[in-house]
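Please look over the sequence and the structure below, and then read the short briefing that follows.

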Amino acid sequence: MGAPEKTFSKAEQARTGSRYDRALELYRQALRQFTAAGDLEGIVDCHVAMGDTLRMIGEFPTAIGHYTEALELAEEKLVMADAQAGIGLSHRALGDWKEALHHLELADDFYRKNRDRAGHAFTTWAIAGTYRIKGDLTKTLSTFREALDLYREMKDRRGMGYCYNGLGGASRVAGRFKDSEKYYKRANQVFRELKDRFGLAYSHCGLGNARRMVEDYRGAAEHFSRATRLYSRIGDRVSYAYTLWSVGTAHKMQGRMKKALNSFRQAETLFRQTRDPRGLIYCLLAHGELEDMGGNHPAARRLYKSALTRAEKHGFQVETAHARLLLGQDPGYAALGIRLETGSIPHNLP
């Protein structure tokens, strides 16, 4: 194994251990070494790996740049499919679920035609999450179950764990809180055994939300705290932002207005940094409810209307429904497969 390959291998180990900053340093070093050696395959592998790593820490436009570079340079169809999948996941994180589906389906076509079971399972999982962003919960749940079956056939525990996390989140949004907690507990067990910090953090955030939805705020706080510690070590701003929003919502439901406002402001800052339109919509709704609870109803209504406009623009069906609920309109939850009680503010949005 030559120097570039050794450097690349060290980078892969760092990424597997969720040490993303160190991984990026090593990938950049490997890229310089492969470039000096004129090794095209190594150059392409570095661009895909850097795209994957940047995506994990919320640097989505930069990740797309690396995937696109790999796509243009690659000679192997498999690597091209991997780059397409990465581009799709990055667009999904930026809220562009239509573009995400386009790239993920291109990748999936290749994996299926070439009987690449691992690739097909991964894109099935990714497509399920894209349906969730769109707000098609029926398709989300069925596609996550399909991905879970594929990973089970391969006896891939990590893949199964991420499917459990996906099913946990989709079940919560659909109002199936017991199912949500069941799936997150399974994910938590898997990732604890695998020592996967990212998956473990994800599952703790999910378990916190599952507790929040049944108004066990003490239990929720314990899991959110564990998720926060792990995300801070990993450097994942995207997931941490959603955890902060969840913490703020728990404070809001308990009438802790200052603490809620502080959490929502921190979440909003991170959502702006990572250009997450869905996250910003949830912050608009949260700030609106705080204004409503403080008696400033005109300001609250302006914030709800802004959230509705943005949600409709991006085609986010669930967030559109939440904004309509807060504006006093029929949210149309049943049509989306959501079972939620629609009382008065504050709303414990899932």
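Cys46 is buried, with a relative accessible area of 0%, where buried means under 20% relative accessible area, with a 1.4 Å probe and protein chains only. This is a predicted model, in which local features need pLDDT of at least 70 and side-chain atom pairs count only at pLDDT 80 or more, while totals for chains, interfaces and linings use all residues. Residues are numbered from 1 along each chain as its sequence is written, and side-chain values use heavy atoms, with hydrogens and water left out.

**Cysteines**

- Cys163 also counts as buried, at 0% relative accessibility.
- The closest cysteine sulfur to that of Cys163 belongs to Cys205 and lies 18 Å away, which is too far for a bond.
- The count comes to zero disulfides, a disulfide being a pair of cysteine sulfur atoms within 2.5 Å.

**Phe144**

- Phe144 is found in helix H8, residues 137-154, where helices are DSSP runs (H or I, at least four residues) numbered from the N terminus.
- Phe144 counts as buried, at 4% relative accessibility.
- Leaving aside residues up to four places away in sequence, Phe144 touches Trp125, Ala128, Gly129, Cys163, Gly166 and Leu167, contact meaning heavy atoms within 4.5 Å.
- From C-alpha to C-alpha, Phe144 and His91 are 19 Å apart in space, and they are 53 residues apart in sequence.

Note on methods. Buried < 20%, exposed > 50% of the residue type's maximum accessible area, 1.4 Å probe, protein only. Helix = DSSP H or I, 4+ residues; strand = E, 2+ residues; numbered from the N terminus.
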